[in-house]
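Here's a quick briefing to read with the model open beside you.

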Amino acid sequence: LDYLLRGLLWAQILLAMVLGVALGLCLSPSGGALVASDTASLLAAWLALPGRLFLAMIQMVVVPLVLSSIILGITSSGDPKFLKQIGLRIAPYFILTTSVAVFIGCIVALWLQPGQYIDVGAELATATAPESAVAVASLPDRLIEIIPANPTSALLSRSMFQIVVLAIFIAVAMVSISERRAKPLLDLCVSVQDVSMKIVSWAMALAPIAVFGLLAQISVQVGFDAIVGVASYMGTVLLGLLLLLMFYMVIVALFARRSPLAFLRAISGVQLLAFSTSSSAAVMPLSMKTAETQLNVSPSVSQFVVPLGATVNMDGTALYQVVAALFIAQLYNVDLSTVELAVLIFTVVGASIGSPSTPGVGIVILATILQGLGIPPDGAAILLGVDRILDMCRTSVNVSGDLTACVVMDKWLGERHAMPEAVH
């Protein structure tokens with residue numbers, strides 16, 4: 001056991017998850033309540049300190065890492081034809097899988113009707129609705145906002161979608177000019193990526209301790225009462241996410257020609273870290289490493305698809321948002337017409353693209369979607385107690401979708417990367 005814990009990150013994270021949840025439930029006022037409520041909150045804040053430090057270190061380098069990874073991923077092929085091939089495939093692929101995720105969420109929510117099992121008055125009595133200051137922009141405005149007119153503003157605000165677009169523009173321009181003129185900037189990107197990955201390796205040393213503290217804090221805050229109160233809603237979301245994961249496995253088997261079980265074993269460490277941190281950005285370095293070393297995906301594919309997927313391929317988030325919207329509509333007995341349901345589907349697909357890959361954003365976006373459809377956004381307050389738990393689950397599915405896209409694109413583009421040197 002000691003050898004496994006020293007050598008396998010997933011084993012360390014799994015053990016930390018179990019211990020963190022156990023300790024949190026023991027300290028929770030609705031669980032073991034070993035200490036007073038105020039003391040439990042104070043202890044939870046200190047327990048989460050390593051986790052917050054871990055996330056802060058990752059967020060510190062995520063912008064330069066995304067920029068350098070996408071630029072290196074595109075320019076590593078040195079072939080504009082390759083860029084055109086992967087671009088024409090990855091965009092419709094992401095849109096298709098996101099649409100499938102939303103349809104799965106609609107079917108599950110309309111079938112199980114989880115909103116019929118909860119008394120909305122009792123639940124809202126102790127809840128506070130999230131503030132939603134996000135205005136629903138028109139489609140032309142959203143299309144214009146894709147282009148980072150002010151790159152400095154995009155970098156400072158960490159608008160990941162705009163940063164990805166900026167990196168793509170830079171990389172395409174570098175491929176289009178002579179190799180001699182592009183080399184200085186390419187060397188700079190290599191250095192930036194190496195430095196970023198070194199800082200990430202330091203952060204990864206904190207991962208098990210971070211996972212332990214974060215899950216202990218969540219367990220203290222949530223406890224049993226909140227989970228039991230919205231069990232029907234949680235079950236619906238988890239069933240939808242499970243069906244979406246099965247859909248990915250079908251894609252892996254049919255299009256990537258790989259064993260789904262072997263694929264799941266290879267990505268288990270990434271899934272566990274994503275589950276623990278609730279951040280696609282936090283696991284992006286590990287996702288790229290896993291794609292290249294465990295799944296034998298070409299670096300030119302992984303370094304392009306993984307950062308892009310962490311920004312625009314939010315299938316689990318899209319599924320959660322449509323289930324949550326229908327759940328709240330059922331709570332308030334709001335009957336959505338076919339047109340309104342179609343609007344909901346298109347809105348969720350659009351809102352999930354470019355959503356920040358950080359914890360807790362989904363609930364704010366959900367409130368905006370509800371307000372646009374005439375559904376009381378206050379209903380989102382019911383979901384606050386268990387949102388972090390479901391955020392962990394959907395983030396795990398999100399990164400699974402990114403790695404699924406990696407193996408599919410690698411197969412379609414016909415590039416195999418055996419990497420025999422990695423053995424040494």
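Which residues do ring pairs link into a cluster? They are Tyr93, Phe94, Phe255 and Trp412. A quick word on ground rules: this is a predicted model, where local features need pLDDT of at least 70, side-chain atom pairs count only at pLDDT 80 or more, and totals for chains, interfaces and linings use all residues. Residues are numbered from 1 along each chain as its sequence is written, and side-chain values use heavy atoms, with hydrogens and water left out.

**Aromatic rings**

- Searching the whole structure turns up five aromatic pairs; rings of Phe, Tyr and Trp (its six-membered ring) pair if their centres lie within 6.5 Å, and count as stacked with planes under 30 degrees apart, edge-to-face over 60 and tilted for the rest.
- One of them is tyrosine 93 with phenylalanine 94: ring centres 6.0 Å apart and planes at 55°, so the pair is tilted.
- Tyrosine 93 and phenylalanine 94 are both buried (buried is under 20% relative accessible area, exposed over 50%, partly exposed in between, with a 1.4 Å probe and protein chains only).
- Phenylalanine 247 and tyrosine 248 also make a tilted pair, because their planes sit at 40°, with centres 6.3 Å apart.
- Phenylalanine 247 is partly exposed at 23% relative accessible area, while tyrosine 248 counts as buried at 1%.

**Charges**

- The whole structure has two salt bridges (a side-chain nitrogen of Lys or Arg within 4 Å of a carboxyl oxygen of Asp or Glu).
- Aspartate 187 bridges to lysine 183, with the closest N and O atoms 2.9 Å apart; aspartate 187 is partly exposed at 37%, and lysine 183 is partly exposed at 45%.
- Arginine 394 and aspartate 391 make a salt bridge at 3.4 Å, N to O; arginine 394 is buried at 1% and aspartate 391 is buried at 5%.
- The charged end of arginine 394 also sits over the ring of tyrosine 320, 3.6 Å from its centre (for this, NZ of Lys or CZ of Arg must be within 6 Å of the ring centre and within 35 degrees of the ring normal).

**Helix 16**

- Helix 16 covers residues 315-331; helices are DSSP runs (H or I, at least four residues), and strands are too (E, at least two), numbered from the N terminus.
- 17 of its 17 residues are buried, so helix 16 is largely enclosed by the rest of the structure.
- After helix 16 comes asparagine 333, with a positive phi near 55°.

Key
The expected span of a helix is 1.5 Å times one less than its number of residues.
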